[in-house]
Amino acid sequence: MANTRRESTALQGSENTSYSAGLILIPAMGLRPHLSTSIPDIRQGINNLSLPVCAEMISCIASAIDTAFALHTTTLKGSTVSLIHGSVADTKLFAVSPYPERSVELCEVPSWDQLFDFALANIGHLLKPGHALGTWFNDYELMHVLDVVVCLSNRDEALDLAKRNRQLAIFDIQSRREISVSSPSETLLVSLPGGDNA
């Protein structure tokens with residue numbers, strides 16, 4: 001049995017665990033359960049663990065949250081911050097929120113902790129290429145919104161992605177303006193000769 005956490009985690013790579021022997025390493029804890037612990041109990045314990053994020057990742061997330069928090073609270077309009085590249089303000093990109101189920105709406109300006117918790121909860125998406133943490137103020141509903149956004153350089157691709165995910169708009173990061181996503185029926189009305197728009 002290992003005497004320290006370091007020794008116990010080193011055992012992970014050196015021992016071949018066997019389900020049949022009833023011995024399973026729990027990497028997140030760096031410990032081995034007693035041989036009497038049943039395999040279903042161990043599997044359930046592993047499924048319930050909140051796996052730790054390495055120190056370097058915490059530092060990266062914290063830095064991005066510092067930026068997002070500063071931008072959102074000073075402008076009260078929003079921010080688009082990549083966990084890898086930092087703020088993407090003033091770049092020729094279009095932000096789309098293709099994960100509406102991940103959006104969070106808040107009545108008040110988000111705190112640093114709320115932003116950090118949101119980033120941790122969505123870390124799997126935020127680390128994907130082209131993804132970023134998006135914050136914005138919905139002035140129609142008076143809500144602060146936290147989103148996982150995809151940043152695309154092609155406006156048409158961004159509009160298409162937004163349509164496929166039933167979004168109402170995309171955000172032009174460089175121009176700092178919202179671009180409405182038109183529905184097929186709106187496009188048809190505009191193109192019909194003799195319509196109200198002619």
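The model is predicted, so local features need pLDDT of at least 70 and side-chain atom pairs count only at pLDDT 80 or more, while totals for chains, interfaces and linings use all residues. Residues are numbered from 1 along each chain as its sequence is written, and side-chain values use heavy atoms, with hydrogens and water left out.

Beyond four places in sequence, Ile-65 is in contact (heavy atoms within 4.5 Å) with Trp-112, Leu-115, Phe-116, Ala-119 and Leu-133.

Ser-79 lies in strand β1, residues 78-82 (strands are DSSP E runs of at least two residues, helices H or I runs of at least four, numbered from the N terminus). Ser-79 is buried, at 7% relative accessible area. Its contacts beyond four places in sequence include Ala-68, Leu-71 and His-72. The side chains of Ser-79 and Thr-135 form a polar contact of 2.8 Å (a pair of N or O atoms within 3.5 Å, one able to donate a hydrogen and the other to accept it; residues adjacent in sequence count only if both atoms are side-chain atoms).

Thr-135 is also among the residues nearest the centre of the largest pocket, which has 38 lining residues (an open set of points on a 1 Å grid over the protein atoms alone, where a 1.4 Å probe fits, with protein on both sides within 12 Å along at least five of seven lines; lining residues have an atom within 4 Å of a point). Strand β5 supplies the largest share of this lining, 5 residues.

Terms used: Buried means under 20% relative accessible area, exposed over 50%, partly exposed in between (1.4 Å probe, protein chains only).
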